[in-house]
Structures are given as structure tokens and as C-alpha cells.
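Hi,

Here is the structure I said I would pass on. Have a look at it first, and my notes on what turned up follow below.

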Amino acid sequence: MSLHETVSSPDAKRRYVRRLFATIADRYDLITVFLSYGRDRAWKQRLVRMADARAGMQVLDLATGTGDIAYLLHDTGGRVIGLDVTARMIELARAKRPGASRPAFIVGDMAALPFAGSRFDVVTTGYGLRNVPDLAAALDEIARVLKPGGQLLSLDFDRPSNALVRRAYLAYLSMVGGALGWVLHRDPDTYRYIPASIRTYPGSAGVARLMREHGFADASHHKVLGGLMAIHHART
């Protein structure tokens with residue numbers, strides 16, 4: 001199956017993404033640092049500051065990965081749950097603070113959240129919306145579990161609107177992703193999924209529009225790394 005075919009339908013993307021993240025889980029932190037030019041943690045800290053989570057708030061971090069955003073939110077005093085579809089990611093997240101105060105980490109699907117409606121004050125996700133098989137369904141679920149006036153914040157790669165910039169950006173990610181995939185997994189296509197997923201992503205303005213169409217009264221996006229990344233901020 002070609003990389004284009006892996007993201008051509010929700011079912012195909014769901015199967016591929018689950019296999020992919022199970023494969024890369026133990027290298028996930030290294031890859032996010034490398035592909036963000038070492039800026040990943042600073043961007044996540046910015047997202048958490050924008051959330052303004054406070055002691056006692058109910059917070060849900062989706063596609064939590066190894067828990068970076070969940071731990072930052074936990075340290076603000078929030079009551080945090082980190083959810084990820086990959087069991088190995090959850091194991092790694094829990095292992096970061098064995099026996100210490102930490103968020104609750106659970107395995108789950110962000111398109112079928114195991115929570116009652118209007119439960120959370122804040123929902124966050126890092127690199128989650130681009131990878132979900134059905135973005136509209138995931139946004140519906142996030143809106144459902146947020147309290148009225150609740151916030152959604154998302155950090156992700158963007159799809160540059162300028163065709164020349166987009167072409168160069170995707171070519172760079174394909175080249176670097178291929179090299180990393182070969183070095184780390186002996187499979188050059190492993191990280192070429194990232195530019196493949198960006199090609200079918202609506203881009204920051206498109207995602208903000210979808211947010212407004214699926215339960216959010218307000219949605220804005222903020223450029224990161226000159227527009228190669230974005231942080232979305234929406235309220236129900």
C-alpha cells in the first residue's frame with residue numbers, strides 16, 4: 001500500500017496510524033525533538049500557558065503520546081487525564097514518573113471518548129488532530145465532553161498556503177523522514193507519513209473553520225515557526 005493510500009480513507013488511515021505509532025513509540029520523544037528543531041517543549045509550554053489551566057480544573061489531553069503536555073498541565077494543579085490509542089505510549093508516559101504524583105493515563109480513541117458530556121474545562125492535543133482518521137467526528141466528541149465555555153487547544157504541523165513554501169517544506173520532511181526511518185527502523189517510509197498526512201490536512205484556517213462547524217463558538221489559530229506549525233485555540 002502506498003503512503004497516499006494509507007490516508008485515502010478513514011478506515012485505511014485508522015489501521016495504518018495504529019500500526020505506525022505502535023512501531024515508533026519508543027522513538028517518539030526523539031523524533032518530535034528532531035523534527036521540531038529542538039523547539040517542541042517550548043511550543044507545548046506555550047500551549048499550556050494559553051490554556052491557563054488552574055488548580056482543580058478538569059483537563060483531558062488527547063493523543064497524549066508519552067505525556068509531555070499532560071505532565072505540564074498536571075504541574076499547574078489541574079486534574080488531568082491523558083488518553084492515547086497506543087498502549088505502548090501510555091506505558092512510556094506512566095514510566096516518566098513511576099510512583100510519583102502524575103496524571104491518570106488511559107488507552108482510548110479520541111473519536112469515541114469514554115466520558116460523559118460536559119465533563120472537562122480544557123481539552124488539549126499535540127499532533128493529534130492531523131492523525132485522527134475522522135477529524136469531524138473527533139471534533140464532535142471533543143465538543144461533547146467540554147463544559148460550556150470550555151477550551152480546546154491543539155498544536156500540530158500546518159499545511160502552508162503558499163504553494164512554493166508547501167512544496168519545499170514537504171520535500172524537506174520527506175527527505176529527513178526517509179533518512180530517520182532508515183536509520184531507526186530500516187524503513188524509509190516510517191516518517192514519510194508525516195508529509196503524506198499534511199498533504200491531506202485542511203491547514204490551520206480549514207481546521208479553525210471545521211471547529212466552528214462542529215460545536216465551537218470561537219476558533220483561532222496562531223502561527224508557530226513562521227507558519228510551518230500552528231496552535232489552535234477554540235471555545236465551546
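One cut-off before the rest: a residue is called buried under 20% relative accessible area, exposed over 50%, and partly exposed in between. Also, please keep in mind that this is a predicted model.

With that cut-off, Asp218 comes out as partly exposed, because its relative accessible area is 44%. Asp218 sits in strand E6, which covers residues 218-224. Once residues up to four places away in sequence are set aside, Asp218 touches His233, Ala234 and Arg235. Asn162 is another matter: 56 residues separate Asp218 and Asn162 in sequence, and their C-alpha atoms are 25 Å apart in space.

Now compare Thr124, in strand E4 (residues 120-126). Thr124 has a relative accessible area of 0%, so it is buried. The Thr124 side chain makes a polar contact with the side chain of Asp61, at 2.7 Å. Not counting residues up to four places away in sequence, Thr124 touches Leu47, Leu60, Asp61, Leu62, Ile69, Leu73 and Leu153.

On to the packing. The largest nonpolar core has 45 residues, and Phe157 and Met229 touch the most other members. Helix H8 (residues 163-185) supplies the largest share of this core, 6 residues. Apart from that core lies another, of 27 residues, with Phe115, Val123, Ala143 and Leu146 among them.

Leaving out neighbours within four places in sequence, Met229 is in contact with Trp43, Tyr127, Leu155, Asp156, Phe157, Asp158, Tyr169, His222, Lys223 and Val224. So Phe157 is one of the contacts of Met229, by the 4.5 Å heavy-atom cut-off.

Helix H10 (residues 203-213) is worth a look too. Its buried residues are Gly203, Ser204, Gly206, Val207, Ala208, Leu210 and Met211. Among the elements that cover these buried residues are helix H7 (135-145), strand E5 (146-157), E6 and strand E7 (229-235). Just after H10, Gly215 has a positive phi of about 105°.

That brings me to the backbone. Most residues other than glycine have a negative phi. Two residues to check against that:

- Tyr127 has a positive phi, near 60°, and is not a glycine. Tyr127 lies in the loop between E4 and H7, and at 8% relative accessibility Tyr127 counts as buried. Tyr127 is also one of the residues in contact with Met229.
- Arg186 has a positive phi of about 60°, although it is not a glycine either. The loop between H8 and H9 holds Arg186, which is exposed, with a relative accessible area of 54%.

How many cavities of 30 Å³ or more does a search of the whole structure find? There are 3 of them.

The largest cavity holds about 290 Å³ of space. It is lined by 21 residues, and Val17, Ala63, Val85, Met110 and Asn131 are the closest to its centre. Helix H2 (10-24) and strand E2 (79-84) are the elements that give two or more residues to this lining, and H2 provides the largest share, with 4 residues. By class, the lining of the largest cavity divides into 11 nonpolar, 6 polar and 4 charged residues.

The second largest cavity has a volume of about 200 Å³. Of the 17 residues that line it, Tyr28, Thr32, Arg130, Phe157 and Ile194 lie nearest its centre. Phe157 is a name you have already met, in the largest nonpolar core. The elements that give two or more residues to the lining of the second largest cavity are H2, helix H3 (28-35) and helix H9 (193-199). H3 gives the most, with 4 residues. The lining of the second largest cavity has 12 nonpolar, 4 polar and 1 charged residues.

If you open the model with Phe157 selected, you will have a member of the largest core and a residue that lines the second largest cavity in one view.

Cheers

Conventions: Residues numbered from 1 in each chain as written. Predicted model: local features only at pLDDT ≥ 70, side-chain atom pairs only at ≥ 80, totals over all residues. Heavy atoms only, no water. Core = buried A, V, L, I, M, F, W, Y, C linked by side-chain atoms within 4.5 Å. Buried < 20%, exposed > 50% of the residue type's maximum accessible area, 1.4 Å probe, protein only. Polar contact = N/O pair within 3.5 Å; in protein donor to acceptor, adjacent residues only side chain to side chain. 1 Å grid on protein atoms, 1.4 Å probe; cavity = no way out; pocket = protein on both sides within 12 Å on 5 of 7 lines; lining within 4 Å. Points joined across faces, edges and corners; volume = space filled by probe spheres on them. Nonpolar A, V, L, I, M, F, W, Y, C, P; charged D, E, K, R; others polar.
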